[in-house]
Amino acid sequence: MLGSRTDLHIFDAGSVNGTRYCNEILLPYVRLFRGAMSLQFLFMDDNAPCRHRTVAARQLLESEDIERMDWPARSPDLNPIEHVWDFLGRRLAARTLPPVTIRELQLALQDEWAAMPQQLIDTLIPSMGRRCETCLAVRGDHISY
């Protein structure tokens, strides 16, 4: 969000299905955040059917009165979070000693997440309007974001 962020959540081993998504993301983070934001809250996910579009996720969001942003399928070029993942990936690749184990990777990601400038996130969020306008202008074709 603008001006702040949660700690980076790293899922333990195993697949992330709708139940895990609800229990580990929606309930502890999104529901509490929605409560703090009041009616100004619009939730954006990336439309992944195995997690975000499950019956469990839909029911939980509806029960918490959380409005989900309409989001076209297979549209990573619209999602500003892709720039955050790219930033983290570049920072990991630039490390003198790259992580070798899963635990080292988790710690390195948490370090890089904490060191990421908030200004990067604060710049990406308002870009959503431009991204959507550009996507409409090219009738849903790929955009260069």
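## Crossing sense and overall architecture

A crossing of two helices is called right-handed if the near helix is turned clockwise from the far one by less than a right angle, and left-handed if it is turned anticlockwise. In this predicted model, helix 3 passes helix 4 in a right-handed crossing, and helix 1 likewise passes helix 2 in a right-handed crossing.

The secondary structure of the protein comprises 6 helices and 0 strands, so that, read from the N terminus, the order of elements is α-α-α-α-α-α. The C-alpha trace extends over about 45 × 35 × 30 Å along its principal axes, and of the 145 residues in the protein 32% are buried. When contacts between residues at least 6 apart in sequence are considered, 64% of them join residues at least 24 apart.

## Helix 1 against helix 2

Two packed helices are described by the angle between their axes and by the distance between those axes. Helix 1, which covers residues 18-37, packs against helix 2, residues 55-63, at an angle of about 25°, and their axes are 9 Å apart. That angle makes helix 1 roughly parallel to helix 2, because angles under 35 degrees are counted in that class.

The contact brings Tyr21, Cys22, Leu26 and Leu27 of helix 1 against Ala56, Ala57, Leu60 and Leu61 of helix 2. Sorted by class, the residues of this contact are 8 nonpolar, with no polar and no charged residues.

## The two sides of helix 2

Which residues of helix 2 are buried? They are Ala57, Leu60 and Leu61, and in a view down the axis of helix 2 its buried residues fall within an arc of 95°, so they line one face of the helix. An α-helix has 3.6 residues a turn, so residues three or four places apart point the same way. The buried residues of helix 2 pack against helix 1, whereas Glu62 and Ser63, on the other side of helix 2, are exposed.

Helix 2 is followed by Asp65, which lies in the loop between helix 2 and helix 3. Most residues other than glycine have a negative phi. Asp65, although it is not a glycine, has a positive phi of about 55°. With a relative accessibility of 55%, Asp65 counts as exposed, since the cut-off for that class is over 50%.

## Helix 3 against helix 4

Helix 3 and helix 4 pack at an angle of about 120°, with 10 Å between their axes. On the helix 3 side the contact is made by Val84, Leu88, Arg91 and Leu92, and on the helix 4 side by Leu105, Ala108, Leu109, Glu112, Trp113 and Ala115. By class, this contact of helix 3 with helix 4 holds 8 nonpolar and 2 charged residues, and no polar ones.

Glu112, one of the contact residues of helix 4, has a relative accessibility of 6% and therefore counts as buried. Leaving aside residues up to four places away in sequence, Glu112 touches Leu88, Arg91, Leu92 and Arg95. Between Glu112 and Leu92, which are 20 residues apart in sequence, the C-alpha to C-alpha distance is 7.6 Å.

The loop between helix 3 (81-93) and helix 4 (102-115) contains Pro98. Is Pro98 buried, partly exposed or exposed? Its relative accessible area is 47%, so Pro98 is partly exposed.

## Ile121 in helix 5

Helix 5, which spans residues 118-124, includes Ile121, and this residue is buried, with a relative accessible area of 10%. Not counting residues up to four places away in sequence, the residues that Ile121 touches are Met1, Arg5, Val84 and Met116.

The C-alpha atoms of Ile121 and Pro80 are separated by 8.4 Å, although the two residues are 41 residues apart along the chain.

Methods:
Residues are numbered from 1 along each chain as its sequence is written. This is a predicted model: local features need pLDDT of at least 70, side-chain atom pairs count only at pLDDT 80 or more; totals for chains, interfaces and linings use all residues. Side-chain values use heavy atoms; hydrogens and water are left out. Axes are lines fitted to C-alpha atoms, for helices over the stretch in contact, and angles run from 0 to 180 degrees between N-to-C directions. Helices (H or I, at least four residues) and strands (E, at least two) are DSSP runs, numbered from the N terminus. Angles under 35 degrees count as roughly parallel, over 145 as roughly antiparallel, 65 to 115 as roughly perpendicular and the rest as oblique. Contact means heavy atoms within 4.5 Å. Ala, Val, Leu, Ile, Met, Phe, Trp, Tyr, Cys and Pro count as nonpolar, Asp, Glu, Lys and Arg as charged, and the others, Gly among them, as polar. Buried means under 20% relative accessible area, exposed over 50%, partly exposed in between (1.4 Å probe, protein chains only). The arc is that of the directions from the helix axis to the C-beta atoms.
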